[in-house]
Amino acid sequence: MDFAKPPLPSSGPTAEANLKLVPAPSTVKTVDELNIVASNEALIAELGQEMEGLIEHHIPRSNTITPNSLCVIFSSYASLSFVYSTPNSIYSNRNGVFHHNDFIGKQFGVKVPSRCSDGFVFILRPTVELWAHSLNHRTQICHPLDQSVVVSHLYLSPNAVVLESGTGSGAMSHALSRAVAPHGKVWSYEFNHVRASTANVEFQKNGVSHICACEHRDVCGQGFGPSCPDGTADGVFLDLPEPWTATAHALIKLKGDGRVCSYSPCIEQTQRFVASLEGDFHSVSTIEVRLKEFCVDTGVEEAMEVVMPFYYGTEKVDKKRKERREREEKEEKEEKEPPKKRIRTRPASEMRGHTAFLTFATKNVPLAKSEKK
Amino acid sequence: METDASVSTQPSHSPSTPSPVVREGDICIVDFGETRYFLRACRAGKDNQIKLGQKGKVYTTGLINMPYGAVIEVKNSRIVRTEDDLITPLLNLEEKEEEETEKCDNRNLVDDNKSQKTTMDDINKLREEGKTGQDIVSQLVSNSTSFSGKTAFAQAKYIKRKLKKYLPRARVLRCTSATVCDLYFKKDAMRYMSLRPDSLAQILSYANVYAGAQVLTFDTISVVTASLVERMGGYGRILNVFSSQDPPHKEVLSKFNFDYKRLDVLKFVSAYEIFGEGAGREVKDLDACDDEKQKLKRQGWPVPLMEHTKEHLQNNFENDEKRHEFLFKRASRFIRKLCRPSRDESLSYLNKKSDSLIISTKFDPLPILFALLPFLAPSCPFVVFSEHIEPLAECFDKLKSEKLAIQLQLTETWNREIKVMPNITHPQMTMSATGGYILTGCKTSDQIIEVEKKGKLVGKGFGAMRSRAPKRKLETSKETSDGGGEKKK
């Protein structure tokens, strides 16, 4: 995936401006000398102390599909899968038969027609969200909405260190990796050795293995292991059947003011986890987020023709009314514009009612010895 | 411009890890529970006194070097860290009759406002005596006739409420996208277009924002841009198209305490320069503008003083201090001008195509989306955020009918807070009803692939197959079986 590639240095407007501190004169007498002093101060105020070497870094986008690249295949909304492009091989699904040679060398986002039917698929560049939709579920996965909320509430930023347990299908590992790339680290632990090795193979194939590593280990029983030194983790994400047994282990690895998150489907798990946080963590909050999807319908609304019958009045009045109505109707018809298309929305008929309760907490900052009494 | 040299190593450009303490000049959030403030930690000065609770005015000097997460209180007009680091300190209650077995409820409660025997005068007296908030609350508890009749939870709640009044304590929080957005949302949701923290989280995720990407945005909420800067961590580029007079977001950006390395990713692009009407005339003016930057560059650094500037300095300023101030402002202006991309540079960034597009604006998103979509690379995600659903429905419809995007999704999020306590876990009584609507999608490529169709078409729709379909002798790749499975909702 693109986020895992190394950022390449390039110059930018700031580097090209070539701004430097100028040695200031020992005594300031003339306005020119004053200008030098003021300019130096302004430089520090605007750009900070390290104004030299402000080079930009960018990750070039992979535009074309090359052999062995991960491609997400879009057959229809909610029906996504993936392949690693291999020359001379074939991918088939209910939309038809698709030859890899047809799309290798083309742009990502291209529409590929089937060779033997009128069906088609789109080949997309993988992102964390598309991966979560297309990957093979080995376990229940953490969905993009929960992923985004977890990443945001763990306060993760590039180059952070985060621990995860268990790895499961690796959907969350990818989301965490994107947040801490390029030089951060995700240490992921999984107690099922088959899932652990499969996850590592996937990380390797998707090019994120230098950020995210999966280890076969039972965190609840053995703790988080030595890969991440104690007191250095910025965040811990727990997706375990018994998260409260890992609280103490998380506490050891976390920095002061580090964040912990537990993803538990059941409220009993959440209750026991919250109870285990007592004393060592503060700002405990539990939330639940659901995605409500909307359908957009377009078309012309059919207006009901209402014709009011006249029950009263003399024949004469009735006649007059009738005439007027006919006249009005005639005018109306002439004036009537073509029916306008209206865009309407309605909630999708079904939604995911529950995934998990997300509990967040911050580790207490230990009091310095001088502050204790 | 890209120098495809060696792969960058970490130390050359790794932004410093966030400081564990509040540095001088930094802004932090001070959380009193219901109310939260932004406070800037600075040395005592003329007008940086702030009012906190009922304790009168205090300087924020005490916040300097305060670790994030610490609990503070005001003591002798100074902000200090508490000794126990608890928002609700423990009380030394005199009577501790453990009658837990007896079930308490409110069957005997008479709500006549007479259960509290302590009067306001007593409290004022205690205050004058210099008693702490803890003592006052203990007094209140022992003088309340109804306290012992309450359940343990009700007692805890009572103490908490009283402590908040007599012993206001607050926690120092770091300004991150989640905390800042939460503060704004709770303070004035309408002003920030009902952008709830979970919506912001989704915008950043669905737009595939990562360190090193090029993100194109049109944002009038400011929090989105600031969060982008945070998420990019000093790598990549944010092209912020703006329509106002000056580059926006200054106030919100200042809350995050970014250093220049991080802020440098943010490039402002004036919508008028790039998309403005009467482009011919504008181009001419802007060429002149570019020339100005070139001229400035040629003059070298520090920019030498012109004769008329010198004269102005000599004649119109009383002393060197004022002159210094003038020159400082002048130099800052030049620095900003030199470090800002010129129009040509902005255009070249735009034409490189961006990795994602984010639109979060109070304006009609439809024309903005269609003006910026050509600058998004194919197979890249875009996110449009709005307070209202109708503008997004229009965008949805147009994108769909013009076949510009796939995987379109129009959503709203439902966010419920849950109070977790032993035996009385329940959702909060009030919850936020909306956090805004989000439209996401993925732009498709206009490249066309022609394949040789074999056989005659039989059947209809996707299921239609060619009659003489090639025999499935061709080896089916392993990946096919990998990716083919799992059709989920």
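Over how many bridges do strand S13 and S15(B) pair, and in which sense? Strand S13 (residues 405-419) of chain B and S15(B) pair in the antiparallel sense over 6 bridges; strands pair if DSSP finds at least two bridges between them.

This is a predicted model, in which local features need pLDDT of at least 70 and side-chain atom pairs count only at pLDDT 80 or more, while totals for chains, interfaces and linings use all residues. Residues are numbered from 1 along each chain as its sequence is written, and chains are lettered from A and ligands numbered from 1 in the order in which they are written.

**First stop: chain B**

Select residues 437-443, strand S15 (strands are DSSP runs of E of at least two residues, numbered from the N terminus). Because 7 of its 7 residues are buried, S15(B) is largely enclosed by the rest of the structure; buried means that 20 or more other C-beta atoms, placed from the backbone, lie within 10 Å of the residue's own. B:Tyr437, B:Leu439, B:Gly441 and B:Lys443 point one way, and B:Ile438, B:Thr440 and B:Cys442 the other.

**Second stop: chain A**

Select A:Glu190, A:Asp218 and A:Asp239, listed by UniProt in an unreviewed entry under "binding site"; such annotations may be inferred rather than shown by experiment. They are spread over 50 residues of sequence, yet they cluster in space, with a largest C-alpha distance of 12.4 Å.

Finally, centre on A:Glu190, found in strand S10 (residues 185-190) of chain A. A:Glu190 counts as buried because it has 27 C-beta neighbours inside 10 Å.

How values were computed. A residue is buried if 20 or more other C-beta atoms lie within 10 Å of its own, exposed if 12 or fewer, and partly exposed in between; C-beta atoms are placed from the backbone. Helices (H or I, at least four residues) and strands (E, at least two) are DSSP runs, numbered from the N terminus.
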